[in-house]
Amino acid sequence: MENILEVKNLRKEYNGFALKDISFTLEKGYIMGFIGPNGAGKTTVIKLIMNLVKRDGGEIKVFGLDNIKDEIAIKEKIGFVYDESYFYEELSIHEMKGIIAPFYRQWDDHAFNKYLRDFDLPPQKKIKDLSKGMKMKFALAVALSHHADLIIMDEPTSGLDPVFRNEVLDILRDLMQDESKGVLFSTHITTDLDKVADYITFINKGQLVLTGPKDDILDRYGIVKGGREVLDHATGQLLIGIRDTGFGFEALTGDAARARRLFGDSVIIERPSLEDIMVYTVREDRYAKPD
Ligand code: ATP
């Protein structure tokens with residue numbers, strides 16, 4: 001079994017929002033970045049994987065097991081970091097740990113204490129007195145202290161200073177030395193994913209925009225820059241989120257090779273960043289195709 005997570009045709013409807021047929025897979029040994037603008041449905045997908053909300057359709061398999069039927073076995077092996085605190089505010093770190101640890105057969109006090117030291121977390125401090133970043137560190141220490149094989153994190157680096165953000169990224173990279181593990185990591189900070197993600201899944205308005213190896217995506221897409229005179233109907237169809245720059249236009253293409261053949265030397269085609277891909281795609285969607 002190579003897939004650590006398989007999401008197939010996942011559907012969920014809320015009043016005014018629908019997650020439509022989301023499918024992606026994460027293989028063992030890799031980090032997947034999960035991106036999309038505010039309200040795209042990232043947290044909803046993560047909650048569905050964790051069976052915190054009920055799905056309306058589709059299938060989710062974790063370690064090859066059904067996420068609902070085998071929920072207890074699966075959760076034992078998932079380290080979960082969520083953007084809302086689910087700890088008891090009145091307890092100290094040490095006390096809270098005492099409540100959480102018995103839920104995990106493989107709880108590792110030694111690892112937990114090491115993370116507390118590394119993260120500068122005082123065990124006697126009450127959860128309510130921790131800063132936002134410290135709460136996130138505590139959640140991360142818990143998630144990493146029971147030998148989980150899948151780490152799922154909903155915006156773990158938001159609200160963290162750049163020094164600690166980079167420490168978190170280093171920890172994830174270290175974790176990947178063990179090829180049986182995987183990480184799913186939602187974030188708005190696409191530069192974090194430039195550094196560590198192997199795979200990217202991008203959703204917008206509840207729909208899948210793309211999923212695949214990050215390097216393939218960055219190779220396939222391109223930023224096209226040129227004079228407006230090269231634009232016609234055919235070329236326009238290749239371009240996403242066309243923007244006037246004063247000198248000409250800039251746009252994203254999902255097929256840089258074809259754009260190169262079509263435009264030849266009349267345009268410049270640059271390698272995009274993940275942020276470019278996200279910004280141009282969402283812009284196209286907002287301005288060119290209103291609901
Ligand atoms: P962000 O990046 O802002 O955290 P997100 O991509 O995680 O956004 P979600 O939190 O999944 O997005 O929300 C997607 C949509 O689902 C939003 O329109 C939200 O209002 C709606 N939604 C989420 N939970 C509920 C709920 N319990 N009841 C009704 N609507 C909901």
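What percentage of the 291 residues of the protein count as buried? In this predicted model, the figure is 50%. Buried here means a relative accessible area under 20%.

The secondary structure of the protein comprises 11 helices and 14 strands. The radius of gyration is 21 Å, close to the 19 Å that the globule rule gives for 291 residues, so the protein is as compact as a globular protein of that length. Along the principal axes, the C-alpha atoms occupy a box of roughly 70 × 40 × 35 Å.

The chain is divided into two domains: domain 1 covers residues 3–214, and domain 2 covers residues 222–271. A distance of 37 Å separates the C-alpha centres of domain 1 and domain 2.

The charges may be considered next. The protein carries 40 positive and 48 negative charges, and the mean positions of these two sets are 3 Å apart.

The buried residues of H1 are Lys 42, Thr 44, Val 45, Ile 46, Leu 48 and Ile 49. After H1 comes Asn 51, which has a positive phi near 55°.

How values were computed:
Residues numbered from 1 in each chain as written. Predicted model: local features only at pLDDT ≥ 70, side-chain atom pairs only at ≥ 80, totals over all residues. Heavy atoms only, no water. Helix = DSSP H or I, 4+ residues; strand = E, 2+ residues; numbered from the N terminus. Rg over C-alpha atoms; globule rule 2.2 N^0.38 Å. Buried < 20%, exposed > 50% of the residue type's maximum accessible area, 1.4 Å probe, protein only. Lys, Arg positive; Asp, Glu negative; His and termini not counted. Charge placed at Lys NZ, Arg CZ, Asp CG, Glu CD. Domains from an automatic or database assignment.
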